[in-house]
Amino acid sequence: AEKGKRLRNLLPKPNEDEDGSPAVTAVVTADAPEFILGRIQTATRDRHDEEALDLCRDFLRRAPTRPESQEIRLLGAALYLRIGDEKSAERTLRFLVERASDAEVRAKALNLLAVLELSQGRNADVLRLVPDLNSRRAFSPWVSRAQVWRAGAEAKLGRFELAASRHRGFAEAGISSPARAYDLAAIAQDFDRRGEETKTADTLGQAAAEAARWNMVDLQAAATLSQAHSLYKRRRFEAAAAAYAAFHSGRADAYDAAIGLAAGLDHPKAAKIRACAACYLQRFDAAVTDFDAVLAARTTCSDVSSQ
């Protein structure tokens, strides 16, 4: 206890430096990297993308060798993608894939670059970029996620069986990721190609639920609408009506783009007529610009629904 007391007395007092002079509290200025990091976090959280991107560039100018610089560069690439500047995003991502010293950053950049290349239809480039997983090598979880994009490229190139096998492998791995929603949608597409309608509708429902979990609004809407179509083809009218209604509930502009599903009016009244009224909420891929056609479809569906 005495030894501890002597050691404690050797420590500087809270208000003194080691030389006995009054302690000076460090002030973080507005241009300090730590301050900029905080502002980047706030701007990104609030989805002020342009501001966050400017702050990322400012941080990299002031502190290019800081440990955080590679993650900030990766964030910058993601922000470029969000604002639609694909050229800047690709340039940054390719730099990170080729030169980042942090292996995890390289893998994350590879995953994003694969998404970008697939969205641009550069399927052969995706296959060159994303390694084919096998049991002999250990890959980052991010490279495992990128298998979804490799499978997507394989399907676009007509390698359907290989793509389907890869998609199922990712689904069975149980990796928690937004990529899982895309994976389930692709599996549903393969079931549809095989004519397995029950599995198609069920898997589309799973894809819509997974997309909702990650707040992927467009994919959720597409999967829900496709599920409604699949249910309708199988004459499950009540379930189809519910799916069409679920699609409409999340799309404020659906009424303005709606038109009646002509086939729905061909069924006899005994076949769940109320589904016909729900059908006009369907939104086609091509925007409807013929106001008279829209008005006629609404009127017809209303007449059928009232009978």
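Predicted model: local features only at pLDDT ≥ 70, side-chain atom pairs only at ≥ 80, totals over all residues.

Lys 108 and Glu 71 form a salt bridge, and their closest N and O atoms lie 3.5 Å apart. Glu 71 is partly exposed, with a relative accessible area of 36%.

Arg 82 and Asp 49 meet through their side chains in a salt bridge of 2.9 Å, N to O. Here Arg 82 belongs to helix α4 (residues 69-83) and Asp 49 to helix α3 (residues 49-62), and 33 residues separate them. Arg 82 is partly exposed at 39% relative accessible area, whereas Asp 49, at 13%, counts as buried because the limit for that class is 20%.

A further pair lies within a single helix. Glu 90 and Arg 94 form a salt bridge with their closest N and O atoms 2.9 Å apart. The two are four residues apart in helix α5 (residues 86-99), and are therefore separated by about one helical turn. Glu 90 is buried, with a relative accessible area of 18%, while Arg 94 is partly exposed at 28%. Both belong to a network of salt bridges that also links Glu 117, Arg 122, Asp 125 and Arg 128. For the model, the count of salt bridges comes to 24.

Let me turn to Phe 170, in helix α10 (residues 160-173). Is Phe 170 buried or exposed? Phe 170 is buried, at 4% relative accessible area. Leaving aside residues up to four places away in sequence, Phe 170 touches Ser 144, Arg 145, Val 148, Ile 175, Ala 179, Arg 180 and Asp 183.

Finally, helix packing. Helices α12 (residues 197-213) and α13 (residues 217-233) pack at about 160 degrees, their axes 8 Å apart. An angle over 145 degrees counts as roughly antiparallel, so α12 is roughly antiparallel to α13. Their crossing is left-handed. The contact includes Leu 204, Ala 208 and Ala 211 of α12, and Leu 219, Ala 223 and Leu 231 of α13. By class, the contact has nine nonpolar, seven polar and one charged residues.

Definitions and conventions: Residues numbered from 1 in each chain as written. Heavy atoms only, no water. Axes fitted to C-alpha atoms, helices over the stretch in contact; angles between N-to-C directions. Parallel < 35°, antiparallel > 145°, perpendicular 65-115°, else oblique. Left-handed = near helix turned anticlockwise from the far one by under 90°. Contact = heavy atoms within 4.5 Å. Nonpolar A, V, L, I, M, F, W, Y, C, P; charged D, E, K, R; others polar. Buried < 20%, exposed > 50% of the residue type's maximum accessible area, 1.4 Å probe, protein only. Salt bridge = Lys/Arg side-chain N within 4 Å of Asp/Glu carboxyl O.
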